Amino acid sequence: MIVYKAPIEEITFILDSVLNIDEQYQNISIYSDFSEDLRSAILSGAAKLAETVFLPVNAKGDIEGCRFLPDSHQVDLPEGYKQAYLQFCAEGWSSLSASIDYGGQGAPFILKTCLDEMFASSNISLSM
């Protein structure tokens, strides 16, 4: 059985101790809401999705792949991919760093980059 454990401690260390993200963003008003507690909750939530939703369907993507259905002009996805992607969108992960003006959550792009790493590590084809 394949196991993926998101490296939250390492990501937090980089954000806090190496990049000193709080100090970097303290004078940027659009990022003032992204406290350490909120970042921790976001990282934990993304880790849970990566570990429990993206990873379990990873092998299906390798085995089944996607198929174009010429009669209906649709793409048949591997089992579980549609549900995983719909959950990803419903939980707001796809709009994390998008501007609030356009319905996004306005998170710093560095935070989205950390999440992208988790999602790609657990299921690169689905994360793309």
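1. Arg39 belongs to helix α3. The model is a predicted one, and in it Arg39 has a relative accessibility of 5%. The limit for a buried residue is under 20%, so Arg39 counts as buried. When neighbours within four places in sequence are set aside, Arg39 is in contact with Asp16, Ile21, Asp22, Phe34 and Leu111.

2. Helix α3 consists of 19 residues. From its first C-alpha to its last it reaches 25 Å, which is close to the 27 Å expected at 1.5 Å a residue. Its buried residues are Arg39, Ile42, Leu43, Ala46, Ala47, Leu49, Ala50, Val53 and Phe54. What covers these buried residues includes α1 (8-18), α2 (21-25) and α4 (58-64), together with α5, α6 and α7.

3. The chain as a whole provides the setting. It contains 7 helices and 2 strands, and along the sequence these follow the pattern α-α-α-α-β-β-α-α-α. The C-alpha trace spans about 55 × 35 × 15 Å along its principal axes. Of the 128 residues, 31% count as buried. Among contacts between residues at least 6 apart in sequence, 60% join residues at least 24 apart.

4. How many aromatic pairs does a search of the whole structure find? The search gives 6. In one of them, the rings of Phe54 and Phe88 have centres 5.8 Å apart and planes at 50°, so this pair is tilted. Phe54 lies in helix α3 (residues 36-54) and Phe88 in helix α5 (residues 81-90), so the pair ties together parts that are 34 residues apart in sequence. Phe54 counts as buried at 2% relative accessibility, and Phe88 is buried with a relative accessible area of 14%.

5. Phe88 also forms an aromatic pair with Phe119. This pair is edge-to-face, with 5.3 Å from centre to centre and 85° between the planes. Because Phe88 lies in helix α5 and Phe119 in helix α6 (residues 109-122), the pair ties together parts that are 31 residues apart in sequence. Both Phe88 and Phe119 are buried. Ring pairs link Phe54, Tyr85, Phe88, Trp93 and Phe119 into a cluster.

6. Helix α6 gives the most, with 5 residues.

7. Is Glu117 buried, partly exposed or exposed? At 46% relative accessibility, Glu117 counts as partly exposed. The C-alpha atoms of Glu117 and Pro7 are separated by 9.7 Å, although the two residues are 110 residues apart along the chain.

Definitions and conventions:
Residues are numbered from 1 along each chain as its sequence is written. This is a predicted model: local features need pLDDT of at least 70, side-chain atom pairs count only at pLDDT 80 or more; totals for chains, interfaces and linings use all residues. Side-chain values use heavy atoms; hydrogens and water are left out. Rings of Phe, Tyr and Trp (its six-membered ring) pair if their centres lie within 6.5 Å; planes under 30 degrees apart count as stacked, over 60 as edge-to-face and the rest as tilted. Helices (H or I, at least four residues) and strands (E, at least two) are DSSP runs, numbered from the N terminus. Buried means under 20% relative accessible area, exposed over 50%, partly exposed in between (1.4 Å probe, protein chains only). The expected span of a helix is 1.5 Å times one less than its number of residues. Contact means heavy atoms within 4.5 Å.
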